[in-house]
Amino acid sequence: MKAVKKAATLITSFLMAASFAVMPALAAEAQGSELIFKDVTEKDWFYNDVQFSYENKIIKGITEDTFEPDTKLSRAMAVTMLYRMAGEPDDLAYINHFEDVNEGDWYFDAVSWAQRSKIVYGYSDDIFAPDDNITRADFAVMLMRYAAAENLALPENENYKFNFKDSKDIPYYAELSVMILASSGIIKGKTAETFAPTNEITRAETAAMLHRFSEGAIENKSVLLANYGFEIEDVNLYYPVMSLLEVSKNDDSDLQDHANYVNISLRSLKDDAELPECDISVEIIYSLDWKRSDVQLHKTSDNLGFKGNLNLGEILIPFHNEIYRASITITIGEKTETLVYYINAEEVW
């Protein structure tokens with residue numbers, strides 16, 4: 001495997017003891033009006049999912065009156081649905097480095113937005129392959145990257161056990177994404193015993209996932225830090241040079257632990273903000289069975305963070321995920337707050 005540097009951008013995802021609101025872009029429930037698609041009936045298991053996704057303008061038909069629920073989802077379709085779910089933002093500085101995505105393509109804005117938001121990276125630096133179908137596992141990764149980019153929380157259940165017989169078929173980079181979505185009730189098995197991670201996802205399955213995601217995801221903000229005029233701006237994992245040299249000697253399936261440095265950036269929300277002494281600890285979860293980093297990093301600070309970074313130190317975790325999960329506990333005085341962040345790990349060559 002080529003040596004890579006993974007710069008991890010982390011966006012707030014779940015907050016205990018926090019103020020939160022339902023996803024604003026999709027606050028409205030389906031109104032119960034009759035669908036126009038002749039190939040979707042009330043007897044279909046996915047009827048309500050298609051209705052919700054259609055009425056919230058996430059998914060359109062293949063034609064004016066056909067939905068084609070069994071049609072496989074292409075990569076272009078996938079990013080377009082997420083783009084619509086985000087409200088089709090038009091105030092972004094779009095970037096497009098893909099040679100096979102051109103201005104004028106119906107998916108150009110969506111792919112450009114997804115690339116800028118670190119939701120997609122392409123098969124290579126210049127190939128996106130918009131017409132290729134996407135597997136269930138890869139769509140799970142894309143949806144978790146969306147959750148990170150949009151600062152959304154999911155109702156995880158850490159007591160959930162992933163007992164599907166084909167769990168070994170889940171690509172290592174998708175393990176935590178699948179686990180989080182499955183434990184949150186957003187993605188379900190293909191059957192009672194199989195998950196089918198390498199199967200190409202259908203439009204009906206996608207509608208169901210996006211419906212459940214929209215109803216389960218929440219926005220959140222830290223109450224404890226906000227009380228003192230602060231918020232967490234960013235959390236990063238930095239892979240030092242020695243880790244890169246070690247990884248370069250191994251193949252993609254290597255799951256050895258490598259040293260990473262955890263860095264948290266705090267931002268003041270007002271000029272006279274003052275943060276009292278606080279204790280901040282972090283723990284990384286990285287696998288299908290909720291494996292955690294061996295140590296919790298702690299840092300005690302006195303008015304630290306509003307003009308710079310808070311380096312918590314070194315932590316050992318595998319160098320293989322697309323998504324990591326960081327549990328951050330903040331203690332100020334007698335008050336404690338725990339936040340969970342999803343790390344969107346970007347490969348930079």
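Select E193 first: with a relative accessible area of 44% it counts as partly exposed, where buried means under 20% relative accessible area, exposed over 50%, and partly exposed in between, computed with a 1.4 Å probe and protein chains only. This is a predicted model, in which local features need pLDDT of at least 70 and side-chain atom pairs count only at pLDDT 80 or more, while totals for chains, interfaces and linings use all residues. Residues are numbered from 1 along each chain as its sequence is written, and side-chain values use heavy atoms, with hydrogens and water left out.

Because E193 lies in the loop between α5 and α6 (203-216) and K165 in the loop between β3 and α5, the pair ties together parts that are 28 residues apart in sequence. Helices (H or I, at least four residues) and strands (E, at least two) are DSSP runs, numbered from the N terminus. K165 is exposed, at 60% relative accessibility.

How many salt bridges does the structure hold? There are six, and side chains of opposite charge can pair in this way when their charged atoms come close. Select R325 and E156 next, where the closest N and O atoms are 2.7 Å apart.

Move to D65 and K38, a salt bridge with its closest N and O atoms 3.8 Å apart. D65 sits in the loop between α1 and α2 and K38 in the loop between β2 and α1, so the pair ties together parts 27 residues apart in sequence. D65 is partly exposed at 32% relative accessibility, whereas K38 is exposed at 63%. For a network of salt bridges, select R136, K190 and E205, which are linked in one.

Turn next to the aromatic rings. Rings of Phe, Tyr and Trp (its six-membered ring) pair if their centres lie within 6.5 Å, and planes under 30 degrees apart count as stacked, over 60 as edge-to-face and the rest as tilted. By this rule there are 13 aromatic pairs. Select F37 and Y54, whose ring centres are 5.1 Å apart and whose planes stand at 75°, so the pair is edge-to-face. The pair links distant parts of the chain, with F37 in the loop between β2 (19-22) and α1 (47-55) and Y54 in helix α1, 17 residues apart. F37 is buried, with a relative accessible area of 4%, while Y54 is partly exposed at 29%. Then select Y83, W113, Y146 and F213, which ring pairs link into a cluster.

Finish with two backbone positions. E88, in the loop between α2 and α3, has a positive phi of about 50° although it is not a glycine, and at 42% relative accessibility E88 counts as partly exposed. A129, in the loop between α3 and α4 (136-149), has a phi near 60°, again a positive value in a residue other than glycine. A129 is buried, at 12% relative accessibility.

Key. Salt bridge = Lys/Arg side-chain N within 4 Å of Asp/Glu carboxyl O.
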